Amino acid sequence: MTATSKPSNMPASNLPAGAIRHGSSIGQPLTRRDGPLKVTGQARFSADNLPPGTLHAALCVARIARGRVTGLDVAAAEAHPGVVAVMRPGHAPALAKDPDAKDGPFTFRLDLLQNDRVRYANQPIAVVIAETLEAATEGARLLAPTYAAETPRIGLDAGAAFTPDSVGVGAPPVETDGDVEAGLAAASRTIAATYETPAQYHNAMEPHAAVASWDGNRLTLFMPTQALAMSQARLAGLFGISPDDIHIESPYLGGGFGSKGVPAGPQVLACMAAKLVGRPVKLVPTRTQMYGPMGHRGPTRQTLRLGADASGKLTALDHHIRTASSSFDDFFEPAGRATSTLYASPAIAIRHEAVRLDTGTPLFMRAPGEATGSVALESALDEMAHELGMDPLEFRLANYAEVEPITGKPFSSKALRDCYRRGAEAFGWAGRPLRPRQTRDRDGFLVGTGMGTATFPALIFEGMARAEIRADGTGTVELGAIDMGQGSWTALAQIAADGLGIGMDALTFRMGSSDLPNAGIAGGSGHTATAGGAVHAAAGDVIRQLAELATNDPASPLYGAGNAGVTAADGRLTRRDDPGRSESFTDILRRAGRSRIEGQGKAGADPAAQASYAMHAHGAVFAEVKVDPDLGQIRVSRLVGAFAAGRVINPRLVRSQYYGGMIWGLSFALHERAEMDPRTGRFLNDNLAEYHVPVNADVPAMEAILVHEDDAVVNHLGVKGVGEIGITGTVGAIANAVWHATGVRVREMPITLDKLLG
């Protein structure tokens with residue numbers, strides 16, 4: 001197989017269905033193939049690479065949020081032993097494209113030392129390059145920048161609100177169906193409540209490292225990225241070279257969660273620094289420096305008005321969101337997305353408005369939109385259930401959406417009722433008291449239970465793969481897929497082995513490099529559908545060709561069977577109508593005089609299916625909390641989630657993803673909040689000591705239930721994403737459980753003891 005071979009454009013739907021076999025590896029709870037490498041330290045992450053002659057770079061970042069840099073003590077930095085260069089405005093390689101130029105929905109503006117303006121705290125304003133990390137770090141300190149500071153705009157009330165052109169990636173800011181005001185007027189009960197979610201910042205274990213080197217106009221880059229080809233294209237535009245002249249290695253990521261979907265400014269600065277000094281440069285931002293230029297979850301203020309009739313049916317659902325973006329770019333948290341798809345109502349209105357702040361640009365953060373919006377929606381649903389005197393689960397079932405609200409599309413599949421049932425049974429929901437503050441444990445702690453509905457769209461992007469079977473019965477599959485911890489090294493290999501009809505031990509699987517076929521972005525919980533679909537198609541192309549050789553050969557026991565009349569398993573093709581007649585791949589290739597067969601595959605969305613169906617994963621999360629009645633201290637004691645997300649490739653990995661999402665939901669509900677000084681715009685907690693995330697002691701007993709769901713529409717594999725859905729139901733479930741324990745409804749996240757006692 002050659003890196004220059006081109007994938008065909010043959011759609012996967014043209015592959016003969018009978019040529020693909022499933023069931024050997026798919027569905028098995030295999031352990032991670034990359035696990036031994038990681039636990040023994042043999043897996044090389046980006047920052048582990050040190051080409052000969054590598055220099056080290058350190059960022060100097062702004063300590064104001066708005067204004068200008070008026071001075072840098074370059075002489076002091078350059079005089080420090082080991083410092084090689086100070087890259088700064090006016091002394092940096094020229095770029096072929098303005099980094100503020102927009103070129104598509106995934107092109108975001110970058111701060112790359114083009115001028116002296118400061119747009120947010122922790123913005124890179126210079127890069128010191130030295131022989132050692134210590135020298136670079138000290139050189140950055142010696143720059144001692146001075147500023148002309150301006151008053152920053154911080155907080156959702158800091159600027160004039162406006163309606164953005166779109167939210168998220170191209171979603172409409174306003175969606176309506178029916179007459180909300182008439183629905184509220186006709187209701188027997190109404191509620192109105194405002195909920196706030198804070199800005200939250202990425203804290204993946206691995207920072208946004210980059211090790212860059214140039215050979216003429218060819219750039220080699222070790223960089224964690226969720227999208228190899230997209231990163232190539234962005235860098236190629238900035239440096240005025242062909243994407244083919246950029247080679248990116250990214251076999252392992254220490255977490256991404258959306259923050260590594262596009263190249264971050266410091267990663268591009270590493271490339272610029274390497275070009276400036278003519279040697280490889282390694283740049284790894286500090287934990288503090290990740291707060292600002294790497295994206296974050298934007299804050300929201302959400303007001304919901306609900307109306308319901310005496311039977312508990314919604315008559316109106318109105319969801320107004322205020323969010324924020326940076327002063328210089330456009331990404332607006334699409335917090336109304338869950339409201340548009342979850343509950344049936346004759347009248348629904350969703351409106352987003354925004355303000356501009358002096359912060360870095362908010363970007364993708366695990367379940368962008370659904371995470372923030374669902375906590376408000378699920379809290380409001382509970383408040384309305386209490387107003388009606390109904391059990392929260394009973395109320396949700398009374399307003400179950402049989403078709404997608406607003407669009408009216410049927411769901412490609414929806415096993416949410418099964419999720420409710422199985423989750424409630426496992427949790428022990430039956431008999432839960434309706435009134436709050438009714439239960440205590442043996443230690444006197446208040447005990448409460450709550451629930452939330454989980455949902456996330458089933459996305460698929462464009463991806464390609466290459467597959468091969470060799471005469472010795474072994475196979476290879478190659479694609480530029482990404483594993484940021486979700487288990488792609490294992491799950492995609494399972495799809496590959498099954499598609500080729502060989503065992504995992506006979507498979508060579510390659511991914512994580514930009515010279516392999518573009519497998520799309522590992523984001524939006526769509527990577528298994530995208531990359532897996534491409535692998536499925538490439539393997540099918542190989543088996544189709546192999547079957548043609550055999551079924552057209554009079555010497556073969558498969559002669560005359562036709563492509564669709566054989567199955568592939570255990571390195572053999574077998575007649576579907578006569579299992580006793582089969583032939584090994586080895587014999588087929590030997591007789592044909594072939595050493596190998598190569599296949600190409602492509603995956604992507606089906607426009608007709610997207611136009612006709614609503615495609616989502618669903619789930620239900622149940623939470624139990626215990627609250628100290630005197631101190632207000634909260635502990636989540638149990639979490640049970642039941643999720644339906646189509647076909648399960650590897651249940652062990654799927655459960656791991658659900659656990660991760662539920663833990664993040666716990667973090668959202670009780671811990672995470674970026675604190676900023678409104679006078680200076682500087683962070684007050686840009687470190688893991690003060691920006692709180694859960695530790696092992698915070699994580700309770702957890703159970704993730706995999707609810708069976710078949711979906712023949714969503715994609716050829718029938719899979720839906722599982723990486724983000726776990727957070728969407730969990731935050732609301734915990735918020736509702738805290739109310740049930742205490743009788744205090746906290747509408748501002750995170751829920752902290754001062755809000756219970758104040």
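Across the interface of domain 1 and domain 2, the rule picks out 3 salt bridges, a salt bridge being a side-chain nitrogen of Lys or Arg within 4 Å of a carboxyl oxygen of Asp or Glu. What you're looking at is a predicted model, where local features need pLDDT of at least 70, side-chain atom pairs count only at pLDDT 80 or more, and totals for chains, interfaces and linings use all residues. Residues are numbered from 1 along each chain as its sequence is written, and side-chain values use heavy atoms, with hydrogens and water left out.

- On domain 1, 16 residues are in contact with 16 residues of domain 2, where contact means heavy atoms within 4.5 Å.
- Together, domain 1 and domain 2 bury about 1500 Å², with 56% of it on carbon and sulfur atoms; buried area is the accessible area (1.4 Å probe) that two parts lose on being put together, summed over both.
- Arg63, Phe108 and Arg119 supply 34% of the area that domain 1 buries against domain 2, more than any other three residues.

**Charged pairs**

- Side chains of opposite charge can pair when their charged atoms come close.
- Arginine 66 forms a salt bridge with aspartate 358, and their closest N and O atoms are 3.9 Å apart.
- In total, the rule gives 49 salt bridges.

**A look around histidine 320**

- Histidine 320 sits in strand β16 (residues 314-326).
- Leaving out residues up to four places away in sequence, histidine 320 touches Arg301, Gln302, Thr303, Arg351 and Glu353.
- Histidine 320 and glutamine 302 are 18 residues apart in sequence, yet 5.6 Å apart in space, C-alpha to C-alpha.

- Most residues other than glycine have a negative phi, and most peptide bonds are trans.
- Methionine 749 and proline 750 are joined by a cis peptide bond, with omega about -5°.
- Proline 750 belongs to the loop between α15 (725-742) and α16 (753-757).
- Isoleucine 406, a residue other than glycine, has a positive phi near 70°, and isoleucine 406 lies in the loop between α8 (392-398) and α9 (416-427).

**How confident is the predictor?**

- The protein averages a pLDDT of 95, and 97% of the residues score at least 70; pLDDT is the predictor's confidence in each residue, from 0 to 100.
- Over residues 1-23 the pLDDT is below 50, and this stretch has 59 contacts in the model beyond near neighbours in sequence.

Technical notes
Helices (H or I, at least four residues) and strands (E, at least two) are DSSP runs, numbered from the N terminus.
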